Amino acid sequence: MARLDGDAMTTIYSARTILTMNPARPVVSHVAVRDGRILGAGSIDELIGWGPHTIDDRFRDKVLMPGLVEGHSHTSEGSLWQFVYCGYFDRTDPDGRVWPGVKTIDALVERMAEANRQRRRADSALTGWGLDPIYFKDRRVERADLDRVERDRPIGIMHASGHIMSVNTKALEMANMMRSGINHPGVPMGADGLPTGEMKGPEAMTPVGVHVGLDRALLASDEPGLRAFGRLCVRKGVTTATDLASLLPSDAVKMMQRVTREDDFPARIVAMRVFRGVSPTDLVRHAMELRSHTSDRLRLGAIKIVVDGSIQGFSARLRWPGYYNGAPPGLWYVAPEQLREVLDLALLNQIQVHAHTNGDEATELVLDTLASVLSKAPTLDHRLTLQHCQLADTALFRRMKLLGVGVNLFPNHHYFWGDQHYALTVGPERAERMNACATALANGVPLAIHSDAPVTPLGPLFMAWCAMHRITASGRTLGRHERINLNDALKTITLGAAYSLKLDHEVGSIECGKRADFTVLDENPLEVDPMALKDIGIWGTVQGGRIFDVSRL
Amino acid sequence: MTSIALGRRSALPVTIIGGYLGAGKTSLINHLLRSACERRIAVLVNEFGALPIDTDLIEAAAGHVLTLSGGCICCSYGDDLITALMSFGSRIDEFDDILVECSGVALPDSVAASLTLVSGVHLQGIVVIVDASNIESKLSDRYVADTVRRQLAAADRLLINKTDLVSLPRLQNIEHMLASDFPRAKIVLTAHGAVDSGAIFGPQTFCGFVGDAQRSPHDLTTLSSTTFEIHNPIDIAALAANLCDRKLSLVRAKGVLLDLDGKWMVLQIVDQRIQITTARTQHRRHGSLVCIAHPGPMDRLALTAAVAAPVLPRQT
């Protein structure tokens, strides 16, 4: 096709099917793209009206969806792949290699030993991640196990939860922790009066972590890690992802700006400033300053506030009657007064707040506080989003609707830890209502779902599958009545997540004016067996009109 | 195989300062830094918050570390206390004490447990501060009551602060309630965090509360102390003679003071015995003097006159 000089190039893509998530025309055959944005979605006859164009048929056998949006992930998932994957479930690395799950302690030792043979650098630690001994019939992974890999090199393996680390004797020696007299709940001691090698919680992990390559600066994603995260996004069909909790010091921001600006960086990253180590005033001031540095592929200016801990760590704040096993009712990570001050200042300055609340009491505190702030300073479209919000009951969802609050729920938890929630943490009844996606939708609460990668793997199609089926690793359907249908599930991983990030006017559906962000699938999610949704092949993505083919990453 | 513990002489004592948000932890720390005398204190704070270290105490600021007068420093640790503590395990010769300020919702016994993970430090004690003006409401708050209770239960010393904001009967009720609910803790009353540093750094030097505090009428046994800040040059010999006046009934006095020659000196008086030595750290901007008196009414006017007379008005 001829193109007039000076005119922007228009490309019209054909596809087997295009699912737009636009209810006015949900399924079309073509989409026209100009300047990285969508001119229109419809038939070829409709689209040629835009003038000179090129027809591109490369997707004629493929199915296009809006680029998938991951509303709660951490770019550290990219960094972790420099270490040895030790998880129970198969997982794909940024370069496309599928690492089979480690099913036994012997298999774990063999995997680490193999890596030990390959990474023969005397001065370096051997590091693993993703371990989940819950599946080893409660047999813990201790230093004696890892000493079988190597006695004279420090070895550490981060568990899937991110809250526990298993280390060998050498690592304990280097941290000066091969000694008796340690009296800390996070450091179990063996019959010999010495640490077993399991380090639980950040305090216990930190002194050893620095000797096994797992120091906490890790979470401030490194440059190769960010690029690796970008490649993972393409493999999983994600075109917009979050780095939900970072201190965002200026060096990290400069690095992220530089990397995301690269021509081949394939994702839009929404990075949020976590409330930690500063006063509420300085927090909001920093968020406002960050907002002024926002760009298309690096969105800045929102705040994340962690209100309580985790359910599996028994640190989430639960209302009466608390934990099923009688554990104390959890921990506050902020004082209610600080939460109030952050919300006051953030709403006043149009800074969006995402609040991590795992337990129902934490959720209730945020709603109480927000109600009080709003009654004094009514703010339209504050779009406060509760992250995880795993235990909210129906009454809390009704209040969310009234207060304009959205949720980003965590149905992946049902698959990976649902059996433990049923048996141990919250008990059968509340385990069934955890991550109440159907209740959220029934009450008109804006819904997104997330992976919290690297806690669970990045992969929105798998998340949608979890929300549809609520199947646990042992095969139990946990909370049949909270399952959602396919259309709603697909909406949560596109428009739903985009709404939670205040990006629904730019991404989340394929319609005129939005960013040309597509996920390119081998199969049509509306036609496959619902149980196969998570297994649909992903050819790649189109992000801002740029084409990313998984096979060429 | 080597151990990093080699060459370690002993461990640095750590005092944990806990208490709910707003109870007065930062005021206490400012007061302790002011009246530190010769102690070199490393303060680890959760954050440089809205009520920071008094600016006149700060000599230099670099990132997360403030250098303070008198060889003290203040570091903010965010949520990584362990890394901050590990950096002190090897600096045992630089400091006499570490103060750890907990965040407003932290559990001090959890912080104490984490000390056992770090070599080179040991727990000296847990001080938990109570805001007398709101402790009753915090202990019945639906969200934080259990957190506040767990904080109080961890204390070996409970500082009831802001006593100037409540009536005497109410103060007595609070003191009674805390004493019966938390019998393990020694209770000290104060206002503006102005407590004698002995009450914080060790029982061996414990000497009661500072004169500013409102005092329980039934308490006639506690020594009382008064702290003066003296930044101008002073005739130390004359001051010492004044303080030995038996009418003041001082048990002892200790101070770091600028003498008339512009040198920082340490004055110590114990039972009328006077000792004046050159201060270890000359690079400082603040002088202070703590006077400790026998139980019973203190003649504060006479004491103030005895201290004020030898002070030289500073030429500016």
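Analyst: Start with the layout. Chain A is assigned two domains, domain 1 (78-218) and domain 2 (221-543); the bounds come from an automatic or database domain assignment. This is a predicted model: local features need pLDDT of at least 70, side-chain atom pairs count only at pLDDT 80 or more, and totals for chains, interfaces and linings use all residues. Residues are numbered from 1 along each chain as its sequence is written, with chains lettered from A and ligands numbered from 1 in the order in which they are written.

Now the join. The centres of domain 1 and domain 2 of chain A, taken over C-alpha atoms, are 28 Å apart. At the join, 14 residues of domain 1 of chain A are in contact with 15 residues of domain 2 of chain A. Contact between two residues means that their C-beta atoms, placed from the backbone, lie within 7 Å. On the domain 1 side, helix 2 (76-80) and strand 8 (91-92) of chain A each supply at least two residues. Helix 2 of chain A gives the most, with three residues. Helices (H or I, at least four residues) and strands (E, at least two) are DSSP runs, numbered from the N terminus. By class, this side of domain 1 of chain A holds five nonpolar, seven polar and two charged residues. Nonpolar covers Ala, Val, Leu, Ile, Met, Phe, Trp, Tyr, Cys and Pro; charged covers Asp, Glu, Lys and Arg; the others, Gly among them, are polar.

A:A228 lies in helix 7 (residues 223-235) of chain A. It counts as buried because it has 22 C-beta neighbours inside 10 Å. Buried means 20 or more other C-beta atoms within 10 Å of a residue's own, exposed means 12 or fewer, and partly exposed is in between, with C-beta atoms placed from the backbone. Not counting residues up to four places away in sequence, A:A228 touches A:G78, A:W81 and A:P94. A:I510 is 282 residues from A:A228 in sequence and 27 Å from it in space, C-alpha to C-alpha.

A:V259 sits in helix 8 (residues 250-261) of chain A. Why does A:V259 count as buried? Because it has 21 C-beta neighbours inside 10 Å. Its contacts, leaving aside neighbours within four places in sequence, are A:E223, A:L226, A:R227 and A:F265. A:V259 and A:C437 are 178 residues apart in sequence and 35 Å apart in space, C-alpha to C-alpha.

Next, a hairpin. Strand 23 (residues 538-543) and strand 24 (residues 546-549) of chain A run antiparallel and are joined by four bridges. Two strands pair if DSSP finds at least two bridges between them. A:T541 has A:F548 of strand 24 of chain A as its bridge partner. Two residues lie between the strands of this hairpin, and A:G544 takes a positive phi near 55°.

In chain B, nine strands form an open sheet with mixed pairing, in the order 3-4-5-2-6-1-7-8-9. Strand 3 (58-62) and strand 9 (186-189) of chain B are the edge strands, each pairing on one side only. Within the sheet, strand 7 (residues 121-131) and strand 8 (residues 157-161) of chain B pair in the parallel sense over five bridges. B:V128 has B:L158 of strand 8 of chain B as its bridge partner.

Last, helix 8 (residues 236-243) of chain B. Its buried residues are B:I236, B:L239, B:A240 and B:L243. They cover an arc of only 100° around the axis, so they sit on the same side of helix 8 of chain B. The arc is that of the directions from the helix axis to the C-beta atoms. These buried residues pack against strand 12 (250-258), strand 13 (264-270), strand 14 (273-278), strand 15 (288-293) and helix 9 (300-308) of chain B.
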